[in-house]
Amino acid sequence: MTPILVTGGTGTLGRAVVRELTATGRDVRVLSRGTGGDLVTGRGVAAAVADVETVVHLATTLRGRRDVTATRNLVNAGTSIRHLVFISIVGIDRIPIGYYRGKLAAERIVAERPHTILRATQFHDLIRTVLAGAAMLPLMPIPRLRAQPIDVRDVAARLTELATGDPRGRVADIGGPEVKPLRALAAEYLRANGKRRRTVEFSLPGKAFRACREGGNLVPGNPAGTITFERFLTS
Ligand SMILES: NC(=O)c1ccc[n+]([C@@H]2O[C@H](COP(=O)([O-])OP(=O)(O)OC[C@H]3O[C@@H](n4cnc5c(N)ncnc54)[C@H](OP(=O)(O)O)[C@@H]3O)[C@@H](O)[C@H]2O)c1
């Protein structure tokens with residue numbers, strides 16, 4: 001069996017996916033700048049995808065346009081790919097921000113090959129990072145939004161199941177087990193870290209914030225994740 005290539009396999013999600021795939025006995029190859037490749041410049045990509053049939057594409061530069069270039073370079077170089085698994089984000093077609101526009105464009109490029117696309121809600125790690133930043137201030141500013149954060153271990157388990165099967169096109173979106181106001185998640189963050197802060201909620205003008213207010217970032221009907229934010233914080 002040829003190795004499975006995981007792009008971004010050194011990242012937050014990538015490390016969990018590499019662990020899961022390895023646990024199923026699969027041989028895993030990682031492509032990231034840290035391992036000597038660069039999807040944006042194309043350096044080392046041909047060598048990384050050579051003879052590979054399954055690719056799990058997780059790498060992100062956190063810039064929409066660069067992610068499109070990265071995905072284009074991967075797809076062009078990967079002539080042997082029989083299954084391209086792509087992690088995307090819930091609501092990218094409803095929430096108009098640049099990074100999400102890049103994800104949508106990348107999904108279209110991925111669809112040029114036999115593929116499976118999984119859209120997930122925000123990871124616990126991202127929510128924790130945002131809350132940790134806000135908690136640096138004496139009065140903690142919190143967007144008046146709800147979130148449904150998911151643990152990367154849950155996403156990794158689903159991606160592993162998908163990557164070891166046949167291409168399925170776009171599959172059902174995946175979200176965490178609870179939908180909660182960010183203010184409630186902030187309270188859990190503060191409690192878990194033994195901090196006391198007053199919080200103040202704010203709203204922003206614009207279509208992106210409104211789309212999130214209306215739940216464009218949620219999949220309440222499909223809470224496939226099992227690990228709550230509170231458990232993530234204490235584990
Ligand atoms: N964070 C969330 O809440 C969330 C939610 C849903 C979906 N997603 C998606 O899940 C994926 C993984 O997110 P994450 O939070 O795990 O990201 P992350 O921790 O920032 O990891 C990004 C990975 O991409 C690699 N990378 C960056 N630039 C690269 C380049 N030019 N060429 C090759 N590799 C490159 C990084 O390694 P090097 O720095 O060594 O290159 C790293 O392994 C992303 O596609 C993201 O859009 C994230």
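## Sheet and helix packing

The UniProt record, an unreviewed entry, lists residues 4-64 for "domain: NAD-dependent epimerase/dehydratase"; UniProt positions are given in the numbering used here, feature names are shortened, and annotations may be inferred rather than shown by experiment. Over residues 4-64 the chain is 30% helix and 20% strand, with the end C-alpha atoms 25 Å apart.

The model is predicted, so that local features need pLDDT of at least 70 and side-chain atom pairs count only at pLDDT 80 or more, while totals for chains, interfaces and linings use all residues. Residues are numbered from 1 along each chain as its sequence is written, and side-chain values use heavy atoms, with hydrogens and water left out.

Helices (H or I, at least four residues) and strands (E, at least two) are DSSP runs, numbered from the N terminus. Two strands pair if DSSP finds at least two bridges between them.

**The sheet.** Six strands, in the order β2-β1-β3-β4-β5-β8, form an open sheet with parallel pairing. Its edge strands, each pairing on one side only, are β2 (28-31) and β8 (169-170). Strand β4 (residues 83-89) runs parallel to strand β5 (residues 115-120), and 6 bridges join them. Within this pair, F86 stands opposite I117 of β5. Helix α4 (residues 98-110) packs on the sheet and touches β4 and β5, its direction making about 160° with that of β4. Contact means heavy atoms within 4.5 Å.

**Helix pairs.** Axes are lines fitted to C-alpha atoms, for helices over the stretch in contact, and angles run from 0 to 180 degrees between N-to-C directions.

| Helix pair | Angle | Axis distance |
|---|---|---|
| α3 (residues 64-77) and α4 | about 15° | 7 Å |
| α5 (residues 124-134) and α7 (residues 182-192) | about 80° | 10 Å |
| α1 (residues 12-23) and α6 (residues 152-163) | roughly 50° | within 8 Å |

Angles under 35 degrees count as roughly parallel, over 145 as roughly antiparallel, 65 to 115 as roughly perpendicular and the rest as oblique. The angle of about 15° therefore makes α3 roughly parallel to α4. Their crossing is right-handed, a term used when the near helix is turned clockwise from the far one by less than a right angle. Residues in this contact include D67 and R72 of α3 and Y99 and I109 of α4. By class, the contact has 7 nonpolar, 4 polar and 2 charged residues; Ala, Val, Leu, Ile, Met, Phe, Trp, Tyr, Cys and Pro count as nonpolar, Asp, Glu, Lys and Arg as charged, and the others, Gly among them, as polar.

Helices α5 and α7 are roughly perpendicular to each other. I127, R128, L131 and A132 of α5 meet L182, L185, A186 and Y189 of α7, giving 7 nonpolar, no polar and 1 charged residue.

Helices α1 and α6 are oblique to each other, and α1 passes α6 in a right-handed crossing. Among the residues that meet are L13 and E20 in α1 and V155 and T160 in α6. The residues of this contact divide into 9 nonpolar, 2 polar and 1 charged.
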